[in-house]
Amino acid sequence: MAHRALKGAYTQVMGLEPLPPTASPDSRTEFARTLNKANRLVGLMHTHITSIMTASNVGAQEDTDDEPDVTDAETRKTTPATRIAEITRSVEGAGPLPVAEWVLCLLEPRKQTLMEAEQEGFVRLLRGYESAPSMQELLSQEVELSQQGDFRDISERSVALESNKDLVERMHERETLMTGMQSADALHSFMISILRTIHAIRFSIEWAQLAPAAKTRFREDACDQLAPELTYAQFQHRHEKLIKARNDLKKMFLKFGARVLMDPCWAPYISYNTGSTGRSTTFPGTLREMLSGFDDLTEDEMNADEGAFRQLILALADDETMAYIYRFLNTHRRAT
């Protein structure tokens, strides 16, 4: 039992990565505290085990247990470079993903680890999408989206908040809406992910317009409204992670366009209780390589992706939601 627990701890420690250069002072303080505690515990464990071995008159020997100590696979640490190599291999010889095939994936989502979902998502970012020959073929997948319940409410609130001319008020409405976006229905979840992605990118754009003092006031108010159980320092740290996730999403959209909107795995997950953003530890480095290591999309590629995206939205969304999504796409589409 202790052996397995130690293996688990080893795996977690080996998964640690250095803080990015942009990490805040509070983030660095918390990270340093965590590392120092871990380092102290490891030292105490090593000292105790060494003393026990000496007292027992036994030395280090080759492990003879049936279960290996740490396998080669466990010691090969996943890095952005290894992830990019795997993504590149997966893309070789693969053309654009037919939108009708993608619909089937949306209707029957597979259970995946965070890393697996990201890897497949990165592959789709490079492959792009292909329209169905006709709407009849797409609709033959029995695509049907109820315009009732939670999705209807989220869609209406999304459209309505854009008319608020007060920047900070609009951002608070956007933050609150994103926090509560969820659905158990597969197609509802897909449409909600599109709206969440749009709100996240718009929030990133709006956040950049605020002065430092205004950002502090926004966080103080948001903490009181959304996570009153947290201290301001805790909320600030978690909100900074979320801001980074939204900024990353904006960069992805500017690079890959509608491909980002097509994939639910890129919509940032929000949890102020845990501080999770739904990103793996090697995501930042992998994303940097994706943004810098591959060519920008051509006009033809962007048009093909948008054609597939619009075809899918036409099958799923009501007129008001469709117009809202198209306005965003037309306004923020990268010029080629």
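How many aromatic pairs does the structure hold? The structure holds eight aromatic pairs, where rings of Phe, Tyr and Trp (its six-membered ring) pair if their centres lie within 6.5 Å. The legends below describe some of them, together with other close-up views.

The model is predicted, so local features need pLDDT of at least 70 and side-chain atom pairs count only at pLDDT 80 or more, while totals for chains, interfaces and linings use all residues. Residues are numbered from 1 along each chain as its sequence is written, and side-chain values use heavy atoms, with hydrogens and water left out.

**Figure 1. Overview of the chain.** The chain has 16 helices and two strands; helices (H or I, at least four residues) and strands (E, at least two) are DSSP runs, numbered from the N terminus. Of the 336 residues of the chain, 39% count as buried. Buried means under 20% relative accessible area, exposed over 50%, and partly exposed in between (1.4 Å probe, protein chains only). Among the contacts in the chain with a separation of 6 or more, 79% come from residues 24 or more positions apart, a contact being heavy atoms within 4.5 Å.

**Figure 2. The aromatic pair of Phe 203 and Trp 207.** A pair of aromatic rings is described by the distance of the centres and the angle of the planes. Planes under 30 degrees apart count as stacked, over 60 as edge-to-face and the rest as tilted. Phe 203 and Trp 207 form a stacked pair, with 5.8 Å centre to centre and 15 degrees between the planes. The two residues are separated by about one helical turn because they are four residues apart in helix 10 (residues 186-207). An α-helix has 3.6 residues a turn, so residues three or four places apart point the same way. Phe 203 counts as buried, at 0% relative accessibility, and Trp 207 is buried with a relative accessible area of 6%.

**Figure 3. The aromatic pair of Phe 253 and Phe 328.** The ring centres of Phe 253 and Phe 328 are 5.2 Å apart and the planes stand at 45 degrees, so the pair is tilted. This pair links distant parts of the chain, 75 residues apart: Phe 253 belongs to helix 12 (residues 232-256) and Phe 328 to helix 16 (residues 319-332). Phe 253 is buried, with a relative accessible area of 2%; Phe 328 also counts as buried, at 0% relative accessibility.

**Figure 4. Arginine charges over aromatic rings.** A charge sits over a ring if NZ of Lys or CZ of Arg is within 6 Å of the ring centre and within 35 degrees of the ring normal. The charged end of Arg 246 sits over the ring of Phe 203, at 4.4 Å from its centre. Arg 310 lies over the face of Tyr 326, 4.4 Å from the ring centre.

**Figure 5. Helix 6 and the residue that follows.** The expected span of a helix is 1.5 Å times one less than its number of residues. The 14 residues of helix 6 (residues 114-127) should therefore span 20 Å, and the end C-alpha atoms are 20 Å apart, which agrees. Buried residues of helix 6 include Ala 117, Gly 121, Phe 122 and Leu 125. Phe 122 forms one aromatic cluster with Trp 266 and Phe 283. Just after helix 6, Gly 128 takes a positive phi of about 80 degrees.

**Figure 6. The surroundings of Arg 259.** Arg 259 is found in helix 13 (residues 258-261) and is buried, with a relative accessible area of 4%. Its side chain makes a polar contact of 2.5 Å with the side chain of Asp 305. A polar contact is a pair of N or O atoms within 3.5 Å; within protein, one must be able to donate a hydrogen and the other to accept it, and residues adjacent in sequence count only if both atoms are side-chain atoms. Not counting residues up to four places away in sequence, Arg 259 touches several residues, among them Arg 124, Gly 128, Tyr 129 and Leu 297.

**Figure 7. The start of helix 9.** Asp 166 caps the N-terminal end of helix 9, where a side-chain oxygen lies 3.2 Å from the backbone nitrogen of Val 168. Helix 9 (residues 167-179) has 13 residues and reaches 18 Å from its first C-alpha to its last, close to the 18 Å expected. Among the buried residues of helix 9 are His 172 and Leu 177.
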